[in-house]
Amino acid sequence: MNKNLRKTVIAGNWKMNKTPSEALEFVKELAPIADNADCDVVACVPYVCLQNALASAAGSKLKIGAQNLHWEAKGAYTGEISADMLKDLGVEYVIIGHSERRQYFAETDVTVNKKVVSALAAGLKPILCVGELLAEREQGITAEIVRMQTKVALIGVEKESLKDIIIAYEPVWAIGTGKTATSDQADEVCGIIRDVIAELYDKDAAEGTTIQYGGSMNAGNAKELLSKYHVDGGLIGGASLKSADFGIIVDAAK
Ligand code: PEP
């Protein structure tokens, strides 16, 4: 398949950065970047920034996403936010299973799966993160880890829903470290994920799925990474907090 037939998505993950007032202003800088892009552009912002980000993005092509959700629809889960709540706000995307949530908030493949299913049921588009630790890469088990994470995350997900899911390959050793995977490493593992989709569903589904790379992608390395056949965009942390850098990355997807 021609890679250009797949949807390319550049998504920023602000992590725990920016206040609601800062978000209101910063999204005004991002909106023209999205309007001039050849790909979909998403800003995944802290919960408290969602409303301001949505207001600032209104009328532009910039899409707004959250960074997490709880899988239950409602109830006694103090401090949590459900998929329906996000949907009701007008949120379109949600990051699920980011390595920081797996590492610091005890998220597992099983809870990631529940969140994916819940997001899809509410009409949200999950950006599902998978990726190996440095020790796992050094042990030579990257493929096994990423295959298992992807397979468990997709339990109960119908083929028709795949068009609404983005999978982000994010090697944990490359996140926030300035240490990027080589473009060949990124392409190889995104290709492994595509093979898993083909095994679980079929080749057409695999060829149509958007698979991003994330991990210290920046204005300098984006073009090379995004040129690879299996890399259909990026999930960008640090470099999404500066509009100039983020704009260069979005341009690199052209
Ligand atoms: C991320 O948070 O998903 C990420 C890839 O971060 P960074 O770009 O800073 O490595």
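Predicted model: local features only at pLDDT ≥ 70, side-chain atom pairs only at ≥ 80, totals over all residues.

Q: Which strand is joined to β4 by two bridges, and do the two run parallel or antiparallel?

A: The general idea comes first. Strands of a sheet pair through backbone hydrogen bonds, in either a parallel or an antiparallel way. Here, strand β3 (residues 63–66) is joined to β4 by two bridges, and the two run parallel.

Q: In what order do the strands close into a barrel?

A: Eight strands close up, in the order β1-β2-β3-β4-β5-β6-β7-β8, with parallel pairing. From one strand to the next, the twist averages 25°.

Q: How many bridges pair β5 with β6, and how many pair β6 with β7?

A: β5 and β6 pair over four bridges, in the parallel sense. Val-130 stands opposite Tyr-169 in β6. β6 and β7 also pair in the parallel sense, over four bridges. There, Ile-166 stands opposite Thr-210 in β7.

Q: Over how many bridges do β7 and β8 pair?

A: Two bridges, again in the parallel sense, between β7 (residues 210–214) and β8 (residues 233–236). Tyr-213 has Gly-234 as its bridge partner in β8.

Q: How do I read the two faces of a strand? Which residues of β4 point one way, and which the other?

A: Sort the side chains by direction, then check burial. In strand β4 (residues 93–96), Tyr-93 and Ile-95 point one way. Val-94 and Ile-96 point the other way, and all of these are buried. β6 is covered on both faces too. Ile-166 and Ala-168 are buried on one side, Ile-167 and Tyr-169 on the other.

Q: Let me stay with Ala-168. Is Ala-168 buried or exposed?

A: The cut-off for buried is under 20% relative accessible area. Ala-168 has 0% relative accessibility, so Ala-168 counts as buried. Its place is in strand β6.

Q: Which residues does Ala-168 touch, leaving out those up to four places away in sequence?

A: Ala-168 touches Ile-127, Leu-128, Cys-129, Val-130, Gln-212 and Leu-235. Look also at the C-alpha atoms of Ala-168 and Gly-234. They are separated by 7.5 Å, although the two residues are 66 apart along the chain.

Q: Now the helices. Which strands does α8 lie across?

A: Helix α8 (residues 183–200) lies across β5 (125–130), β6 (166–169) and β7. Its direction is about 140° to β6. Helix α11 (residues 243–252) lies across β1 (9–13), β2 (40–44) and β8. That helix runs at about 160° to β1.

Q: Which residues of α11 are buried?

A: Recall the geometry: an α-helix has 3.6 residues a turn, so residues three or four places apart point the same way. In α11, the buried residues are Ser-243, Phe-246, Gly-247, Ile-249, Val-250 and Ala-252. Their cover includes β1, α1 (20–35), β2, α10 and β8.

Q: What about backbone angles? What is phi near in Ala-106 and Ser-216?

A: Most residues other than glycine have a negative phi. Ala-106 has a positive phi, near 55°. Ser-216 likewise has a positive phi, near 55°. Ala-106 sits in the loop between α4 (99–104) and α5 (109–122). Ser-216 sits in the loop between β7 and α10 (222–226).

Technical notes: Residues numbered from 1 in each chain as written. Heavy atoms only, no water. Pairing = 2+ DSSP bridges. Axes fitted to C-alpha atoms, helices over the stretch in contact; angles between N-to-C directions. Contact = heavy atoms within 4.5 Å. Buried < 20%, exposed > 50% of the residue type's maximum accessible area, 1.4 Å probe, protein only.
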